[in-house]
Number of protein chains: 2
Amino acid sequence: MKQLVTNATLLTFAGPAEPRAGAAARNVGLIRRGAVLMDEGKIVSVGPADMVAKHPDALKGRVHDAGGRVVLPGFVDAHTHPVFGAPRLKDFELRAQGRTYQEIAAEGGGIVSSVHGVRGTTEKELTSLLVDRAARFLECGTTTIEAKSGYGLDKDSELKSLRALKHLAAGGMLEVVPTFLGPHAVPPEYLGRASDYVRFLVKEVLPVVAAEGLAKYADVFCEQGYFDAYESEAFLKAAAAAGLGVRVHAEQLSRSGGAQLAAKLKACTADHLDKADDLDLAALKDAGTVACLVPGSNHFLGLAEMPPARRILDAGVPVALATDFNPGTCPCWNMQEILAIAVSRMKMSPEEVLVAATVNGAWAVGLGKTRGTLEVGRAADVVVYDCTDYRELSYWFGKNLAVTVFKAGKVVHSTLELRT
Amino acid sequence: MKQLVTNATLLTFAGPAEPRAGAAARNVGLIRRGAVLMDEGKIVSVGPADMVAKHPDALKGRVHDAGGRVVLPGFVDAHTHPVFGAPRLKDFELRAQGRTYQEIAAEGGGIVSSVHGVRGTTEKELTSLLVDRAARFLECGTTTIEAKSGYGLDKDSELKSLRALKHLAAGGMLEVVPTFLGPHAVPPEYLGRASDYVRFLVKEVLPVVAAEGLAKYADVFCEQGYFDAYESEAFLKAAAAAGLGVRVHAEQLSRSGGAQLAAKLKACTADHLDKADDLDLAALKDAGTVACLVPGSNHFLGLAEMPPARRILDAGVPVALATDFNPGTCPCWNMQEILAIAVSRMKMSPEEVLVAATVNGAWAVGLGKTRGTLEVGRAADVVVYDCTDYRELSYWFGKNLAVTVFKAGKVVHSTLELRT
């Protein structure tokens with residue numbers, strides 16, 4: 001069905017088909033009285049409303065008058081861990097009592113407690129939880145997520161996690177880019193034997209993931225006490241040889257070597273980067289790797305420090321923003337909230353956070369040529385927000401201003417009737 | 001109309017009719033299979049579902065099956081500045097560029113820019129803006145707000161602001177406790193003459209406020225560069241003599257003397273308290289003053305420091321949490337967001353934040369005997385949240401889990417059909 005959104009404050013992010021850095025990372029492509037026409041899942045016309053109105057199909061479908069509201073591409077959330085059972089409320093309480101992430105993990109909380117949860121949950125139950133969670137993402141304006149396994153940590157449970165994501169994707173609402181994060185933590189069975197666990201993953205699990213096409217990317221938690229740079233490299237090289245793209249949890253809690261590894265392997269993204277130094281950033285820039293920042297986890301953990309977004313931007317590295325949605329360190333599915341945190345606490349500009357959540361988010365999941373901008377031929381992932389100034393998306397916080405969400409040209413969420 | 005909410009995970013906060021401190025500040029009064037029966041705006045039965053079911057009127061009205069969901073009293077947000085025109089997006093951008101609150105104010109931004117906004121807006125337009133904003137509060141589970149004037153700073157504009165609040169209150173949805181905050185900043189006409197401005201307020205504005213019953217409280221921004229402790233005391237004493245209760249913006253940006261002043265005047269609340277020392281806290285405890293903490297503004301300003309909630313709780317001072325909703329330093333109407341910030345960043349417990357947002361919030365607006373708990377005879381302000389563990393209210397962030405909101409026994413917001 002054809003759909004026209006007109007009378008919009010349109011943010012197109014139109015520009016060269018590449019991750020945006022430098023001045024381009026601040027260009028939202030604003031069209032004040034804009035319109036976008038969708039057909040068969042794609043954008044067929046976009047620009048000033050007068051111009052779009054001349055398209056022969058402009059009035060052949062449903063017309064939505066945005067009433068001057070802000071309209072932009074669906075957010076692409078390039079870093080999530082949505083495949084888990086129960087939320088980690090006990091860890092949350094312990095942290096309020098002053099315990100650190102590392103202390104809680106050492107006491108049996110942390111990632112390992114989610115592992116018990118996933119292992120004890122069926123593929124069907126996990127799928128059902130994912131469908132519920134997907135609705136939360138969509139209603140906040142996110143139309144594509146990268147989604148990692150990594151709370152299974154054995155063959156069956158990792159495969160079960162990726163298959164649950166495949167079922168979610170098959171539902172056709174929220175788009176899912178699956179990532180195999182087998183080396184998310186060392187499972188209890190391999191305590192003290194991280195290298196053996198990596199060898200197991202490479203020999204026993206990765207071949208099935210690749211053969212069944214269960215993941216587009218492989219990822220590793222390259223971190224002190226988890227997987228060192230050598231183990232991480234062994235895993236990612238095997239994944240790349242099996243045809244997967246690679247991404248790295250790098251420099252979050254310690255100087256891990258993850259950023260240099262990401263650059264060496266020309267990874268799609270290096271994620272977190274709290275402790276990245278200038279040499280790391282220069283290497284990422286040269287490699288064309290996107291810095292995927294997840295300040296929501298710093299916020300939730302109550303850390304005074306944030307990822308060094310300004311230093312990363314100044315180094316010319318393209319920045320994507322993501323939720324890091326997960327039960328331990330970032331129980332937040334709402335990209336609008338992450339944008340607000342990024343401005344308030346990392347001093348990114350209202351324009352930079354929007355570029356980071358759309359066009360750069362799309363590049364950070366390998367979909368930069370088809371997602372993340374409003375241009376003819378792109379996917380018709382379009383969201384209308386209940387505000388008339390795009391800065392409001394990162395100004396109001398603790399809110400959801402999305403009123404109508406189109407995924408591939410279909411209305412998948414709506415709280416306001418915009419029909420004319 | 002009678003309304004029964006049953007099959008609820010009920011938080012009653014039942015207990016002595018006083019602000020809660022010490023161990024009482026952690027007691028949520030949990031009833032796992034609970035119910036609450038409302039009639040004529042009040043709670044007529046509350047407790048275990050089996051017991052409430054025996055009430056003769058239990059099934060005479062509408063029945064809502066909460067399905068095990070968490071149900072608690074409406075939030076009482078004890079500190080808001082909702083009477084403003086446009087949001088301060090320019091200040092927001094400047095701060096992202098690294099400018100401080102004080103620098104922005106010195107350049108004509110800050111409170112004074114909102115003053116130009118209010119002065120140029122009619123009472124009717126302000127009322128319309130307030131009605132829109134009230135809907136946002138209600139849909140997030142807040143049923144009562146304290147609401148300050150303070151962006152008018154001349155006679156007509158302060159009275160206009162308070163009258164707009166009166167119109168909002170007359171609408172009968174969101175309950176409003178109005179506060180006259182004439183001394184919020186020194187207006188341009190009185191630059192360098194704060195004392196003269198206070199004399200003007202006392203002589204020209206306060207008598208009208210009192211005569212027309214436009215405010216229940218008076219408040220002052222006792223802060224370096226705004227009003228010192230002497231000017232603040234002069235204003236608040238005159239307000240008290242005119243029959244108003246008093247509250248104080250105290251120790252936010254500097255050691256202002258506001259906390260000691262609040263204690264001396266036995267103020268209802270001392271608000272912010274970022275810089276309060278142990279002597280201040282001892283004085284507040286002795287005076288029976290509630291500490292009203294607004295960590296959302298620290299968050300939005302990107303400050304690494306938070307109000308010293310644990311030190312205040314340890315001192316035995318009752319703590320209320322509020323949004324500080326305002327266009328300059330906290331554009332957030334959602335108390336759930338403030339609870340999340342309070343746990344993540346001030347290390348309050350999930351129980352403490354709920355007590356602070358309900359029963360202590362009610363005491364912080366002088367309504368402790370009728371609001372803030374689920375007990376027979378109390379106002380039927382009841383909210384159903386889409387979770388089964390009350391810790392989820394402060395765990396997930398950037399969200400709104402409220403699905404059904406009752407104000408005085410009437411459904412004022414609902415996104416989920418709970419009828420049985």
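Which residue of chain B meets the side chain of A:Arg391 in a salt bridge? In this predicted model, the partner of A:Arg391 is B:Glu93, with 3.1 Å from N to O. Chain A and chain B bury about 3900 Å² between them, and domain 1 and domain 2 of chain A bury about 2600 Å².

**Interface between chain A and chain B**

- Each chain brings 44 residues to the contact, 44 from chain A and 44 from chain B.
- Carbon and sulfur atoms account for 65% of the area of about 3900 Å² that chain A and chain B bury.
- The interface of chain A and chain B holds 4 salt bridges, one of them between A:Arg391 and B:Glu93.
- There are also 14 residue pairs in polar contact between chain A and chain B, both residues of each pair being at pLDDT 80 or more.
- On the side of chain A that touches chain B, at least two residues each come from helix H2 (89-96), helix H11 (295-300), helix H13 (335-346), helix H14 (350-357) and H16 of chain A.
- H2(A) gives the most to this side, with 6 residues.
- By class, the side of chain A that touches chain B consists of 22 nonpolar, 8 polar and 14 charged residues.

**A salt bridge joining two chains**

- The count of salt bridges over all chains is 62.
- A:Arg136 and B:Asp386 form a salt bridge through their side chains, at 3.2 Å from N to O.
- The pair joins two chains, because A:Arg136 lies in helix H5 (residues 123-139) of chain A and B:Asp386 in the loop between strand S14 (382-385) and helix H16 (392-395) of chain B.

**Domains within chain A**

- Chain A is assigned domain 1 (3-73 + 372-414) and domain 2 (75-364).
- The centres of domain 1 and domain 2 of chain A, taken over C-alpha atoms, are 28 Å apart.
- In the contact between the domains of chain A, 35 residues of domain 1 meet 31 residues of domain 2.
- Carbon and sulfur atoms give 64% of the area of about 2600 Å² buried between domain 1 and domain 2 of chain A.
- A:Pro19, A:Ser394 and A:Lys407 supply 21% of the area that domain 1 of chain A buries against domain 2 of chain A, more than any other three residues.

**Polar links and elements at the domain interface**

- Between domain 1 and domain 2 of chain A there are 2 salt bridges.
- A:Lys407 forms a salt bridge with A:Glu175, in which the closest N and O atoms are 2.5 Å apart.
- The rule finds 13 residue pairs in polar contact across the interface of domain 1 and domain 2 of chain A, both residues at pLDDT 80 or more.
- The elements giving two or more residues to the side of domain 1 of chain A that touches domain 2 of chain A include strand S5 (70-73), helix H16 (392-395) and strand S15 (402-407) of chain A.
- S15(A) gives the largest share of this side, 4 residues.
- The side of domain 1 of chain A that touches domain 2 of chain A has 21 nonpolar, 7 polar and 7 charged residues.

How values were computed
Residues are numbered from 1 along each chain as its sequence is written. Chains are lettered from A and ligands numbered from 1 in the order in which they are written. This is a predicted model: local features need pLDDT of at least 70, side-chain atom pairs count only at pLDDT 80 or more; totals for chains, interfaces and linings use all residues. Side-chain values use heavy atoms; hydrogens and water are left out. Domain bounds come from an automatic or database domain assignment. Contact means heavy atoms within 4.5 Å. Buried area is the accessible area (1.4 Å probe) that two parts lose on being put together, summed over both. A polar contact is a pair of N or O atoms within 3.5 Å; within protein, one must be able to donate a hydrogen and the other to accept it, and residues adjacent in sequence count only if both atoms are side-chain atoms. Ala, Val, Leu, Ile, Met, Phe, Trp, Tyr, Cys and Pro count as nonpolar, Asp, Glu, Lys and Arg as charged, and the others, Gly among them, as polar.
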